[in-house]
Amino acid sequence: CAFVVAQPMSICQSFYPLLLKSLAFNEAQIGPLLALRPVGTALAMLFLARAVGSSNAFTLALVSSGAVAGGLFAAPMFAELFPAALIVFALGVGSALLMLYYQMLCTDATDPSMRGTALAFAGAGWSLSHLCAPLLMGFIIEWRDIATAFSIWGFVMLGLLVALALIKQWA
């Protein structure tokens, strides 16, 4: 979860501006577009905080993972301002519930004496995301192009969504 949660931030701080530039957006548009990601995250957290403790929390976490995967996959397909803005906003919304979900899951699944360790271990995915995503996307871009990199990375996030569902079932 933490790895997927950090993807929108990792990508928006590395290759998303380059993608937008390749789609003919100018600098005056790129900054405000990228600002929509944290706006989406903050608004979603306000509305979704109640859902984390509900019986639908895992389903919402999968939907959120799907929003991240779909947003990354679809990003190169939209060169118009409004659809591009919706995708960036959706990336922020998609990461919001997952952020709450993995933290609450660690809290609920551990003894209070081990909670800090569990949160640190789970949060390591966040750091790995910031390390891996830009590096691997850079390799894909050198191999192909930026649009292909976003599509492939969207499929990687879809694979992690499937893994999340299987791990939850197993756990």
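**Entry 1: ground rules and confidence.** I number residues from 1 along each chain as its sequence is written, and the side-chain values I use rest on heavy atoms, with hydrogens and water left out. Since I am reading a predicted model, local features need pLDDT of at least 70 and side-chain atom pairs count only at pLDDT 80 or more, while totals for chains, interfaces and linings use all residues. I looked up pLDDT, the predictor's confidence in each residue, from 0 to 100, and found that the protein averages 91, with 96% of the residues scoring at least 70.

**Entry 2: α5 and α6.** I noted that the axes of α5 (residues 81-109) and α6 (residues 115-143) come within 9 Å and cross at roughly 150 degrees; axes are lines fitted to C-alpha atoms, for helices over the stretch in contact, and angles run from 0 to 180 degrees between N-to-C directions. The two helices are therefore roughly antiparallel, a label for angles over 145 degrees, whereas under 35 counts as roughly parallel, 65 to 115 as roughly perpendicular and the rest as oblique. Among the residues in contact (heavy atoms within 4.5 Å) I listed Met-99 and Tyr-102 of α5 and Leu-119 and Trp-126 of α6.

**Entry 3: α1 and α4.** I then turned to α1 (residues 2-12) and α4 (residues 57-74), which pack at about 30 degrees with their axes 9 Å apart, and that makes α1 roughly parallel to α4. Their contact is made by Val-4, Gln-7, Pro-8 and Ile-11 of α1 together with Ser-65, Val-68 and Leu-72 of α4.

**Entry 4: Ser-129.** I located Ser-129 in helix α6, where it counts as buried because its relative accessibility is 0%; buried means under 20% relative accessible area, exposed over 50%, and partly exposed in between, with a 1.4 Å probe and protein chains only. Leaving aside neighbours within four places in sequence, I found Ser-129 in contact with Phe-3, Ala-6, Gln-7, Ser-10 and Pro-134.

**Entry 5: Ala-24.** I found Ala-24 in the loop between α2 and α3 (27-48), and at 66% relative accessibility Ala-24 counts as exposed. Most residues other than glycine have a negative phi, yet Ala-24, which is not a glycine, has a positive phi of about 80 degrees.

How values were computed
Helices (H or I, at least four residues) and strands (E, at least two) are DSSP runs, numbered from the N terminus.
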